[in-house]
Amino acid sequence: MTDRPLRDAVHFFGRFLKSPGSVGAVLPSSRFLARELVGDLSSLRPGDAVVEYGPGTGAITRRIAEVLPEGVRYLGIELEQSFVRRLQQRFPKLGFHHGSVADVEEILAAEGLPRPSRIVSGLPFASLPRAVQEAVVDGTARTLAVGGEFRTFQYVHAWPLTTAKRFRAAMDARFSRFTRHGPIVRNVPPAFVLVYGN
Ligand SMILES: C[S@@+](CC[C@H](N)C(=O)[O-])C[C@H]1O[C@@H](n2cnc3c(N)ncnc32)[C@H](O)[C@@H]1O
């Protein structure tokens, strides 16, 4: 481990202790989960947009930055101000917005972004308050471009939870395509990747 992942892990864990519900994990995602979660961006064209929900310390952002095609716009929406500051320093070419994904439509309008072709989410849906979960699901369904993809993950141990089932049922009601990948066992803890399309 180089010192950056270690510093990220320490900072992340500190924020988890302060806000366990919204941070929702004790460690940043692994590169194995990041790779599967981001998937293939090569079909995106200049002018398209990729939006990341809850980039945290940038574990998934780093993978997006590696494969983001030239001319495709990126916006990360993050609730924790201290994470936003670190993300801006670490990824100066990418755009970040300090706010809640529950307001995704207003945020995209304010940032002048088109409907995103890809939304990649690191939000801990199962531990979010019900009102936030519903606002994010509705906002995402209205926002995703036609033919776009919404990709998120759920920890294997959280899969049977009532809140996780409620999230999947709400998504099933709004999206016509669904596939599940994994589990990604080299992530701590192991996680499934869920892909929804319209
Ligand atoms: C499980 S962590 C994932 C962080 C990072 N994407 C990763 O995979 O390591 C969840 C992140 O979502 C953020 N978050 C939680 N609720 C949010 C909301 N309503 N809007 C934006 N970000 C939120 C948290 O602050 C945290 O950074």
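## Where α3 meets α4

Let's start with a helix pair: Arg31, Ala34, Arg35, Leu37 and Val38 in α3 meet Ala59, Ile60, Arg62, Arg63, Ile64 and Val67 in α4. Sorted by class, this contact has 7 nonpolar and 4 charged residues, with no polar ones. Please keep in mind throughout that the model is predicted.

How do the two helices cross? The axes of α3 (residues 31-38) and α4 come within 9 Å and cross at roughly 55°. Angles of 65 to 115 degrees would count as roughly perpendicular and those under 35 degrees as roughly parallel, so α3 and α4 are oblique to each other. The crossing of these two helices is right-handed.

## A closer look at Ile60

Ile60, one of the α4 residues that meet α3, deserves a stop of its own. Is Ile60 buried or exposed? Its C-beta has 27 C-beta neighbours inside 10 Å, and 20 or more is enough to count, so Ile60 is buried.

Leaving aside residues up to four places away in sequence, Ile60 touches Ser29, Ala34, Leu37, Val38, Glu52, Pro55, Val120 and Gly122. Among these partners, Ala34, Leu37 and Val38 belong to the α3 side of the helix contact. Arg35 is another α3 residue in that contact; Ile60 and Arg35 are 25 residues apart in sequence, with 7.9 Å between their C-alpha atoms.

## Around the ligand

Which residues come nearest to the ligand? Of the 24 residues around the ligand, they are Pro28, Ser29, Gly54, Gly56 and Gly122. By class, the shell has 15 nonpolar, 7 polar and 2 charged residues.

There is a link back to Ile60 here: Ser29 and Gly122, which are among the residues nearest to the ligand, are also among the residues that Ile60 touches.

## Where α7 meets α8

The last stop is another helix pair. Helix α7 (residues 130-143) packs with helix α8 (residues 162-174) at an angle of about 20°, and their axes are 10 Å apart. An angle under 35 degrees counts as roughly parallel, so α7 is roughly parallel to α8. The crossing of α7 and α8 is right-handed.

Which residues make up this contact? From α7 come Gln133, Glu134, Val137 and Ala141, and they meet Phe167, Ala170, Met171 and Arg174 in α8. By class, the contact of α7 with α8 has 5 nonpolar, 1 polar and 2 charged residues.

Conventions. Residues numbered from 1 in each chain as written. Predicted model: local features only at pLDDT ≥ 70, side-chain atom pairs only at ≥ 80, totals over all residues. Near = placed C-beta within 6 Å. Nonpolar A, V, L, I, M, F, W, Y, C, P; charged D, E, K, R; others polar. Buried ≥ 20, exposed ≤ 12 C-beta atoms within 10 Å, placed from the backbone. Contact = placed C-beta atoms within 7 Å. Axes fitted to C-alpha atoms, helices over the stretch in contact; angles between N-to-C directions. Helix = DSSP H or I, 4+ residues; strand = E, 2+ residues; numbered from the N terminus. Parallel < 35°, antiparallel > 145°, perpendicular 65-115°, else oblique. Left-handed = near helix turned anticlockwise from the far one by under 90°.
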